[in-house]
Amino acid sequence: MKDILIVYSKMVVGGSTTSLLSLLNAIDYSRYHVDLQLYDNTGDLQSFIHPSVTVLPPACESTRPIVKLMNPSFWFHLQKARRLSRAYKNKLINAQIMSKYEALSCMPPCKEYDVGISFLEFWPTEYLCRRVKAKRKLGWIHIDIKEAGLKKELSRSVFSILDQVVLVSDSCLQNFIGMYPEFRHKAVCMENILNQKTVRDMAARPLETPLDLDPDSMNLVTVCRVAFVSKGLDRGVQAFIRLKRENRLKGLRWYIIGDGPDLPALKEMVRENGLEREIVLLGQKLNPYRMEKQMDVFFLPSRYEGKPMAVTEAQMLGLVPMVSNYSSAKSQVRHQIDGIIMENNDQAPYEALRDLLDGKYDLPAMKAQVKKIDYSNLEEMQRFYQLIGPSACPNPTE
């Protein structure tokens, strides 16, 4: 039986977490033993981890601050991280630089593994590369590193350590190769695994408190981490502000499910512009599917994405996605067939919502098309088994 370690940050609501849970639910545990190393074991979705997975003590409990504080390089790079993040107006650069020192301050696992997998960029990748002993190391990258504005020199060392870098869409793969042509031989594409039955089963669970929706309204929903730099929710609010000035907002309501660093700023934007009725902030929910399935349109005005699972999950629930033209959008949504693709700029959400309200999109036809399709991709598990290599008891299909 092959020993696998998967490293992840925290089991909070989000696309990469859902992807990880889908993967853990699909692994054949008669052939693979899986340990899960999290930075923090207090995430809302912790209880959804497959019972066959061994969850290790959280890495944050083994953090040794003295290792960071006594390291002159830590202070130098902390100042560099703050300076570059401000200069480029990109908080991800801070994470890109400082994740290394957070990983180095954590104790390593107590055994060597056949395969080590970091299932997210930044801390999980740094921890796998610098603290884990494994015969083979694979790193999943869920964002488009070019579109995210990351600095290539800051991550070159970890990519050189990994045996394989896994990107979640072809556009992410091509952008990675464009930034790191020397790692072309180790870069591969594997889509996030999703099971339509699992998503619909979770959506079928009853709500503790029913959601009071106006049946005469067009109900939009966004499920995401509230981070303006990537998700572009501020773009959406600006679109609502403009529509309100034009007296066009009657019958339109937007529900936002999620938490994140920009939630206070989002609340303030909504309050300052008197949009509390039209934009409803529901916060983070353990099972957002139960609310999401009652909506009409999944609205995602992102500035950049890898391949967001939330879009596919919305389609599984019968919603029509309205998304910006991030790098993988056209691989998920067929414009005006099973969704709407907006241009990727600050003006586009206003124009798309205006056209939606003016009846320029055939929403009933798109909803009917979405409901016909099974968006599952469990066949990707064979790709996963190929990436990690054969188990001790090989399957003829591998």
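Q: Does Phe122 count as buried or exposed?
A: This is a predicted model. Phe122 sits in the loop between strand E4 (113-118) and helix H5 (123-131). The cut-off for buried is under 20% relative accessible area. Phe122 has 18% relative accessibility, so Phe122 counts as buried.

Q: What is the phi of Phe122?
A: Most residues other than glycine have a negative phi. Phe122 is not a glycine, yet its phi is positive, at about 70 degrees.

Q: Which strands are the edge strands of the open sheet of 7 strands?
A: The strand order is E3-E2-E1-E4-E5-E6-E7, and the pairing is parallel. An edge strand here pairs on one side only. That picks out strand E3 (54-55) and strand E7 (187-189).

Q: Which residue in E6 stands opposite Trp140?
A: Strands of a sheet pair through backbone hydrogen bonds. Strand E5 (residues 134-141) pairs with strand E6 (residues 164-167) in the parallel sense, over 4 bridges. Opposite Trp140 stands Val166.

Q: How many residues of helix H13 are buried?
A: Helix H13 covers residues 309-316 and is mostly covered. Its buried residues include Met309, Val311, Glu313 and Met316. Thr312 and Gln315 are buried too.

Q: Which residue just after H13 takes a positive phi?
A: The phi just after H13 is about 90 degrees, and the residue is Gly318.

Q: What is the relative accessibility of Val237?
A: Val237 belongs to helix H10 (residues 233-245). Leaving out residues up to four places away in sequence, Val237 touches Trp254, Leu266, Met269, Leu275 and Ile279. Val237 counts as buried because its relative accessibility is 0%.

Q: How far apart in space are Val237 and Leu319?
A: The two residues are 82 residues apart in sequence. Taken C-alpha to C-alpha, their separation in space is 21 Å.

Q: What radius of gyration does the chain have?
A: The C-alpha trace spans about 60 × 50 × 40 Å along its principal axes. For 398 residues, a compact globule would have a radius of gyration near 21 Å. The chain agrees with that, so the value is 21 Å.

Q: What share of the contacts in the chain comes from residues 24 or more positions apart?
A: The chain holds 17 helices and 13 strands. Of its 398 residues, 56% count as buried. Among contacts with a separation of 6 or more, residues 24 or more positions apart account for 69%.

Q: How far apart are the centres of the positive and negative side chains?
A: The chain has 53 positive side chains and 46 negative ones.

Definitions and conventions: Residues are numbered from 1 along each chain as its sequence is written. This is a predicted model: local features need pLDDT of at least 70, side-chain atom pairs count only at pLDDT 80 or more; totals for chains, interfaces and linings use all residues. Side-chain values use heavy atoms; hydrogens and water are left out. Helices (H or I, at least four residues) and strands (E, at least two) are DSSP runs, numbered from the N terminus. The radius of gyration is taken over C-alpha atoms; the globule rule is 2.2 Å times the number of residues to the power 0.38. Buried means under 20% relative accessible area, exposed over 50%, partly exposed in between (1.4 Å probe, protein chains only). Contact means heavy atoms within 4.5 Å. Lys and Arg count as positive and Asp and Glu as negative; His and the chain ends are not counted. The place of a charge is taken as NZ of Lys, CZ of Arg, CG of Asp or CD of Glu. Two strands pair if DSSP finds at least two bridges between them.
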